[in-house]
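Try each task on your own, then walk through the solution.

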Amino acid sequence: MKFIGIIPARYASTRFPAKPLALLGGKPVIQRVYEQVAGVLDEVWVATDDERIEAVVKAFGGQVVMTSVHHKSGTDRCYEAYCKVNSSCDVIVNIQGDEPFIHRSQLEAIKACFDDDATQIATLVKPFVPGDGFEALENVNSPKVVVNRQMQALYFSRSIIPYQRNRDKKEWLAGHTYYKHIGLYAYRAAVLKEITALPQSSLELAESLEQLRWLENGYTIKVGISEVETIGIDTPQDLERAEAFLREHGTEE
């Protein structure tokens, strides 16, 4: 089975315009992401709608494909890119362009989900630990996931799920294993074609979480577990934290 990594990268961003081109340790963020993925997957492409990003990717020797400016999600951009590059890979891995510390073990974990022939879509979670604190658990920008015994996603929410009715909230992290969603997705090619044709669903619109559209339409999402903490870059302040992390830890394979 072959895996192609596609990194959607837009220039426009409400909270951090030109984010893919921001420098982190002297390299553009998009280059950091690309270098972390190259060598782990069979192919890697950046999918962008902006010629400035295209030029930067070409300058560092990466593969890049231009895609429409009208896509509403990274998933849609991934499918257009997959079709344009005419890849023969079986599974498309959607890697966020603002995750410069994505770890080899995370990519291997999502690949392993497809050892099961029944897997349609896969994603990753990281367990919350008591040391994270209740504030991290209730952060609406950190979606939570509940899974069944086959490690398939039952639901994703910005709210805390499950709600522990008979415990004080300060004890919730000690009394149950909560899972934080890591926004890394992989899809079989035929499934990606199908889900990009689906209209937005009511659950998706309510929570602003695209993956709920897939669940609401009956698709299954296999969940792999990662113990690695990464730093996503959504704001200039996140970039400052990433700089500090890079100075202290470097990037790991």
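**Exercise 1: the whole chain**

Among contacts in the protein chain between residues at least 6 apart in sequence, what percentage join residues at least 24 apart? While you're at it, work out how the chain's radius of gyration fits with a compact globule.

*Solution.* Keep in mind that this is a predicted model.

- Step 1: The share of those contacts that join residues at least 24 apart is 69%.
- Step 2: For 253 residues, a compact globule would have a radius of gyration near 18 Å, and the chain has 18 Å, so the two agree.
- Step 3: Along the principal axes, the C-alpha trace spans about 55 × 40 × 30 Å.
- Step 4: Buried residues account for 51% of the 253. The chain exposes about 12,300 Å², with carbon and sulfur atoms supplying 48% of that.
- Step 5: Counting charges gives 28 positive and 35 negative side chains, and the centres of the two sets sit 2 Å apart.

**Exercise 2: strand β7 and its partners**

Find strand β7 (residues 121–127), and say which way its side chains point and in which sense β7 pairs with β11 and with β10.

*Solution.* First, a bit of background: in a regular strand, side chains alternate between the two faces of the sheet.

- Step 1: In β7, Ile121, Thr123, Val125 and Pro127 point one way, while Ala122, Leu124 and Lys126 point the other way.
- Step 2: Now check the cover: 7 of the 7 residues in β7 are buried.
- Step 3: β7 and β11 pair in the parallel sense over 5 bridges. In β11, lysine 222 stands opposite alanine 122, and valine 223 stands opposite threonine 123.
- Step 4: β7 and strand β10 (residues 179–188) pair in the antiparallel sense, over 7 bridges. Here valine 125 has histidine 181 of β10 as its bridge partner.
- Step 5: Have a look at β11 (residues 221–225) too: 4 of its 5 residues are buried, so β11 is largely enclosed by the rest of the structure.

**Exercise 3: one proline up close**

Is proline 127 buried or exposed, and which residues does proline 127 touch, not counting those up to four places away in sequence?

*Solution.* 

- Step 1: Proline 127 is found in strand β7.
- Step 2: The cut-off for buried is under 20% relative accessible area. Proline 127 has 14% relative accessibility, so it counts as buried.
- Step 3: Leaving out residues up to four places away in sequence, proline 127 touches Asp132, Thr177, Tyr178, Tyr179, Ile225, Ser226 and Glu227.
- Step 4: Proline 127 and histidine 181 are 54 residues apart along the chain, and their C-alpha atoms are separated by 8.8 Å.

Terms used:
Residues numbered from 1 in each chain as written. Predicted model: local features only at pLDDT ≥ 70, side-chain atom pairs only at ≥ 80, totals over all residues. Heavy atoms only, no water. Buried < 20%, exposed > 50% of the residue type's maximum accessible area, 1.4 Å probe, protein only. Helix = DSSP H or I, 4+ residues; strand = E, 2+ residues; numbered from the N terminus. Pairing = 2+ DSSP bridges. Rg over C-alpha atoms; globule rule 2.2 N^0.38 Å. Contact = heavy atoms within 4.5 Å. Areas by Shrake-Rupley, 256 points an atom, 1.4 Å probe, with all protein chains shown as cover. Lys, Arg positive; Asp, Glu negative; His and termini not counted. Charge placed at Lys NZ, Arg CZ, Asp CG, Glu CD.
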